[in-house]
Amino acid sequence: ASAIAGAMSANAQAKDLTVGFSQIGSESGWRAAETTVSKSEAKRRNVTLKIADAQQKQENQIKAIRSFIAQGVDAVFLAPVVSTGWDSVLKEAKEAKIPVVLLDRDIDPAGKDLYLTAVTSDSVHEGKVAGDWLVKTVGSKPCNVVELQGTVGASVATNRKKGFENGIAGQANIKLVRSQTGDFTRAKGKEVMESFIKAEGGGKSICAVYAHNDDMMVGAIQAMKEAGLKPGKDILTVSIDAVPDIFKAMAAGEANATVELTPNMAGPALDALVAYKAKGTVPPKWIQTESKLYTASDNPKAIYDSKKGLGY
Ligand code: GYE
C-alpha cells in the first residue's frame, strides 16, 4: 500500500512541476530530436516544460537560467554548450533551492556539487568504440585519419577526441593527420572536409574520417562526393549519434559506422526529479545512457525506417 501511495504522491507532485530547460540550439538532427522528445516526455508526466533556445551561446544560457530562477521554476535542465563558466549562475540556482539537472553534456568536475545529477552517455567510451571499430576494420593497412571535432570547449568534443585517440593508440599504421572543429553542424562539417581534401592531395591520402557527430559526417560525405571520391569505399566513415540520415547514407554504401546516442535524456531526468521532489530520493550523480555501435551489416534501411517518427 505504501508503494502505491508513494507512486500516487509522485504523480500528484509531477502534475505541479514546472521545469525550465536551457537548450543549446538546433545545431544537429540529434539536438532537434532531443528537444522534441523532451517535450513529449514532460507531457507524459504532466510536467510543464519551458524551453529556451540559446542559439549556441553560453551567455544566452546563463540569461535563460537567471530568468528561470526569477520565475521560480521547480527545476532547471541544462545542456551546457561548453564545460566551463557555470559556477556563478549555478550557485544562484542553488541558493534559490532550485535543483539543476545536466542533460547530454557535462561541466567541469569542480562544479559537481552545483547540480543534482547528469544524464549523459560516456562520451570517452563513444570515441573509444569508434576508434576500436577503425582498428578492427583497417587491420594492418596504413591509414591516415582526419577528424571533425564538435564544438570547442564542449565536454563531448574533448571526450570523443580523447576516447578515439585511446582506441587507436599503439596502432603504428593508423595516424590522425588532421583535426579541426566543425561545430557539430552539417555546413561546417562539409566546409572543413573540403579543406582537408584540398590539403591531402584531393583526398587521395585520406583513409578514414572520424566525426564527433553524424551531422558533420553527412556534410563531409557531400564534400567527398563533390570531390569525386567515394565515401564509405575510398574513404571509411565513423561517427556518433545514429540519426536517421546516417542510416540512409549507410544503406547507400556511403557511410560505414555510427555509435548510437539516445535523444531521450529528459525521460530519466524527469523520473529522477519527480522522485527527488516527491520522496527526497537523491539520484546517483551520473545517470548513464547506452552507447551502441551500428555498421552497414545491421540493416540500415530498417533502422532508418524505425527511427523516423522518433522525434528526428
Ligand atoms: O552528439 C551532437 C549535438 O551534446 C551529446 O551535441 C550532444 C551532442 C550530439 O549537437 O549531435
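Helices (H or I, at least four residues) and strands (E, at least two) are DSSP runs, numbered from the N terminus, and the expected span of a helix is 1.5 Å times one less than its number of residues. The model is predicted: local features need pLDDT of at least 70, side-chain atom pairs count only at pLDDT 80 or more, and totals for chains, interfaces and linings use all residues. Residues are numbered from 1 along each chain as its sequence is written.

**The whole chain**

Along the principal axes, the C-alpha trace spans about 65 × 40 × 35 Å.

Colour the chain by burial next. A residue is buried if 20 or more other C-beta atoms lie within 10 Å of its own, exposed if 12 or fewer, and partly exposed in between, with C-beta atoms placed from the backbone. Buried residues make up 49% of the 312 residues.

**Residues 20-269**

Select residues 20-269, which an unreviewed UniProt entry annotates as "domain: Periplasmic binding protein"; such annotations may be inferred rather than shown by experiment, and positions are given in the numbering used here, with feature names shortened. Over this range the chain is 43% helix and 21% strand, and the end C-alpha atoms are 13 Å apart.

**The ligand shell**

Centre the view on the ligand, which 13 residues surround, the closest being Ser28, Trp30, Asp104, Phe184 and Asn213. A residue counts as near if its C-beta atom, placed from the backbone, lies within 6 Å. Helix 2 (29-44) and strand 9 (236-241) each supply at least two residues of the shell. The shell divides into five nonpolar, two polar and six charged residues; Ala, Val, Leu, Ile, Met, Phe, Trp, Tyr, Cys and Pro count as nonpolar, Asp, Glu, Lys and Arg as charged, and the others, Gly among them, as polar.

Remain on helix 2 and select alanine 32. This alanine 32 is partly exposed, with 17 other C-beta atoms within 10 Å. Not counting residues up to four places away in sequence, alanine 32 touches Ser26 and Tyr312, a contact being two C-beta atoms, placed from the backbone, within 7 Å.

**Helix 5**

Proceed to residues 123-138, the 16 residues of helix 5, which reach 23 Å from first C-alpha to last, close to the 22 Å expected at 1.5 Å a residue. Its buried residues include Val124, Val129, Trp133 and Leu134. Just after helix 5, glycine 139 takes a positive phi of about 60°.

**Helix 6**

Select residues 155-168, helix 6, whose 14 residues should span 20 Å and whose end C-alpha atoms are 20 Å apart. Of these 14 residues, 11 are buried, so helix 6 is largely enclosed by the rest of the structure. The cover over its buried residues includes helix 5, strand 6 (143-149), strand 7 (174-181), strand 8 (208-211) and strand 9. Glycine 170 follows helix 6 with a positive phi, near 85°.

**Helix 8**

Finish at residues 214-226, helix 8, where 13 residues should span 18 Å and the end C-alpha atoms are 18 Å apart. Among its buried residues are Asp214, Asp215, Met216 and Ile221.
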